[in-house]
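I opened this notebook to record what I looked up, entry by entry, with the structure beside me.

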Amino acid sequence: MSDYAKGLEGVVANESALSKVEGLAGKLSYLGFSIDDLVENCSFEEVTFLLHNNRLPNTEELASFETKLRNDRELPEQVISFIKSLPAEATPMDVLRTAVSMLGIFDSRAKIGEPDHELNREVALSLVAKTPVIVAYYHLARQGKELPAVRTDLSEAAHFLYLINGVVPSEAEARTLDVAYIIHADHGMNASTFSARVTIATLSDIYSAMTSAIGTLKGPLHGGANEGVIKMLKEIGSEDAVDAFVEDCLVNKKKIMGIGHRVYKVLDPRAPHLQKMAIKLTDELGESKWINMSERIAAIMRERKGLNANVDFYSATVYYSLGIPTDLFTPIFGIARMSGWTAQVLEQLQDSRLYRPLTKYVGPETLSPVTPISER
């Protein structure tokens, strides 16, 4: 082995048709469809169908797909009992990770070994349907509230907002979260997608692969950036304090959350969509403080450092405006990405090879004798 790429940066590890991330051009597409067109013309359910089936559905197919999703929201009673038994201070991402793992225990379709592709597609759809219910139910349970029965008359985004807030959201609120789901659905070989594909490549089951992905997303270097954005905005406190805060960060080389991106060297193509939705939601709710602060920070960083706001920067304002608690921001990322994670493992299983990279050894080259323990 002559080459070494720390963190596997720049290494091509597999082939995928699902999402194309063009960092230098600032473009993102799913299966040949621009994220811009998908946001303008599709729902999250349509995008999930696209990722799972490699094509967009027609009207009849979409209706059938939506019905399957809505009828698969029920959680096993044992999982509900587990959620109710948890302490209120449990971390939502820990709850999601463990509950998803538990789902596999109660699903006879969760098999290891040579894959049954049709069964795996059913499991994938079930995971997309159940993940938001897990997150919402824990949020209610930790407050001591009753867990309402799932409904089958609401879209994925509207149903989640209904569960956590207790009321059916407005069309604008539901569409805002729907857009957030679409733009977070898939994103190339990111850390959590990689961990999911590594796990499924051993011919483990899909629930194990999703547990790996959620555990990876939990890390603050992958998920959690939007939580940091809203904490930063709260720390700043008011619009007239933004300039001084940013100046202090620049002078003292402090990180400003939500600015810049590991892959995109120009504007993150997902950011304008959430920026637009944040402004629209602000107009509806009459709370302009957070978006005004965000816009000012973004403007200063473009001018001073040539850096753009990324998707996390605006998703923080969107989620907060929707009344979503900060510690649910990363789980919502997981809800959206479940469509992409499951699509990625379905794709991996079509022509799988076990991942087995090499390690660059940097230990002693000369062997040393083992000194008896009495002489050490």
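I began with a term: contact means heavy atoms within 4.5 Å. With that in hand I looked up Leu177, which touches Ala157, Phe160, Leu161, Tyr319, Leu322 and Ile332, not counting residues up to four places away in sequence.

I noted that this is a predicted model, in which local features need pLDDT of at least 70 and side-chain atom pairs count only at pLDDT 80 or more, while totals for chains, interfaces and linings use all residues. Residues are numbered from 1 along each chain as its sequence is written, and side-chain values use heavy atoms, with hydrogens and water left out.

Next I checked pLDDT, the predictor's confidence in each residue, from 0 to 100. The protein chain averages 92, and 99% of the residues score at least 70.

I then turned to the nonpolar core, a set of buried Ala, Val, Leu, Ile, Met, Phe, Trp, Tyr and Cys residues joined through side-chain atoms within 4.5 Å, where buried means under 20% relative accessible area (1.4 Å probe, protein chains only). The largest one has 114 residues, and Leu177, Met210 and Ile297 have the most contacts inside it. Helix 6 (residues 117-141) gives the most to this core, with 14 residues; helices (H or I, at least four residues) and strands (E, at least two) are DSSP runs, numbered from the N terminus.

Last, I looked at the strands, which pair if DSSP finds at least two bridges between them. Strand 1 (residues 19-22) runs antiparallel to strand 2 (residues 27-30), with four bridges joining them, and Ser19 stands opposite Tyr30 in strand 2.

Terms used
Buried means under 20% relative accessible area, exposed over 50%, partly exposed in between (1.4 Å probe, protein chains only).
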